[in-house]
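Please read the following account alongside the sequence and the model. It starts with the chain as a whole and then moves to its parts.

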Amino acid sequence: METSDTRVDRTTDETQLRYLSLTSLRVVHRDLLQRHREDGVTPELVTRLEAFIRQGRETGALLDVEEDRRAAQSLLDYWATLLHRAGYEPPDSTLAEFDPLLAPELDDADCPYRGLDAFREPHHALFFGRSRLVQEMVEHLQQKQLLAVSGPSGSGKSSLVLAGLLPALQGGALPGSGEWEYYPAMVPGSNPLASLAQLFCPPEKDAAEWQQRQAERFLQDPSHLGQLLADGDRNAVLVVDQFEELFTLGSDAETVDAFVANLLGAVRADGARYIVILTIRSDFEPHVARLGEFQPFFEAATVRATPLNAGELREAIEKPARLAGLKFGSGVVDGLLQDILGEPAALPLLQLSLIH
């Protein structure tokens, strides 16, 4: 077996090899052991061993963890000793000193951290530290069809829903949820009824005309959203991100009331299981009192996006790095935890720190 950081094949001149990690050294070491067992100390093997030692010692410039350096040095010393005992003068096997200037650059596209951007469904494999809260939300949806995720700005509400909860549901966290219809997440915008209508526009329709016609029907009939969802003939999940835009972007009261009435009508529809998931900044929760009968449903539906504890933050730091093949120096993670533990916006602050 060979790794992507071992530039080796059986026909390559080993004097041109560069071993970029301890793993690559070990791969070639195993191959050399097999050759030695099969053929003994041949001139060809001696040439390969000398090349392995010369190039392997340069790998030390890339190894900053003491345990890895000891392991690499032991491999080089093993073959230097064998050569000496076989009557050959081995090259110097002393591992090179670590050189931080030679650390490989990580392409931006391969960075496992999101900075200030929310995690979304394509990033769910890199989303760690929230399994406890995701499970709480799944359990909530076992009993209720409306979920409101509330927290301060930067608490990770959108990431929780888009990269945590939705992939869990799509993976079958609830009975049959792997087969449900999942509409793209929407934000209300300045015209929430048009934004809602856009989700259901058939590709063959004129989008502007469709949105206007459906927005008028949303305004007149609070059951219209439920009817559109029923047309899909499957249980459905609708996500309204940044629900607070209903109060911040100047929508008139009639439009806001119609939008909320349609959401409520969908989750109350007889014989259907339509799930509506909202995210809202906690400082806008008092504004929900303006929404009449929606308020008690909202209060019963609210789950708080609480700050990550120390174990969850450590997981959010270390597990994405591990997937990308990265390591942190001694004490770095502990230092990060000290700086951000208890901060309401710890996750985006952490992500921003990690990409710089």
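The accessible surface of the protein chain is about 18,300 Å², and carbon and sulfur atoms hold 48% of it; such areas come from the Shrake-Rupley method with a 1.4 Å probe, and for residues only the protein chains shown count as cover. The model is a predicted one, in which local features need pLDDT of at least 70 and side-chain atom pairs count only at pLDDT 80 or more, while totals for chains, interfaces and linings use all residues. Residues are numbered from 1 along each chain as its sequence is written, and side-chain values use heavy atoms, with hydrogens and water left out.

Of the 356 residues in the protein chain, 46% are buried. Buried means under 20% relative accessible area, exposed means over 50%, and partly exposed lies in between, with a 1.4 Å probe and protein chains only. Among contacts in the protein chain with a separation of 6 or more, 72% join residues 24 or more positions apart; a contact means heavy atoms within 4.5 Å.

The secondary structure consists of 14 helices and 5 strands. These are DSSP runs numbered from the N terminus, helices being H or I with at least four residues and strands E with at least two. The 5 strands of an open sheet lie in the order β2-β3-β4-β1-β5, with parallel pairing. Its edge strands, each pairing on one side only, are β2 (181-182) and β5 (302-304). Two strands count as paired if DSSP finds at least two bridges between them.

β2 pairs with β3 (residues 236-240) in the parallel sense over 2 bridges, and Glu-181 has Ala-236 as its bridge partner in β3. Helix α5 (residues 157-170) packs on the sheet and touches β1 (146-151), β2, β3 and β4 (274-281). The direction of α5 makes about 160 degrees with that of β4, where axes are lines fitted to C-alpha atoms, for helices over the stretch in contact, and angles run from 0 to 180 degrees between N-to-C directions.

Next, β3 and β4 run parallel and are joined by 5 bridges; Val-240 has Leu-278 as its partner in β4. β4 is mostly covered, with 7 of its 8 residues buried. On to β1: β4 and β1 pair in the parallel sense over 6 bridges, with Gly-151 opposite Arg-281 of β4. β1 also runs parallel to β5, to which 3 bridges join it, and Val-149 has Val-303 as its bridge partner in β5.

Why is β1 largely enclosed by the rest of the structure? Because 6 of its 6 residues are buried. In a regular strand the side chains alternate between the two faces of the sheet. In β1, Leu-146, Ala-148 and Ser-150 are buried on one side, and Leu-147, Val-149 and Gly-151 are buried on the other.

The largest cavity has a volume of about 50 Å³. Its lining includes Arg-35, Asp-39, Gly-40 and Thr-42. α1 (22-39) and α2 (43-58) each supply at least two lining residues, and α2 gives the most, with 3.

Note on methods: 1 Å grid on protein atoms, 1.4 Å probe; cavity = no way out; pocket = protein on both sides within 12 Å on 5 of 7 lines; lining within 4 Å. Points joined across faces, edges and corners; volume = space filled by probe spheres on them.
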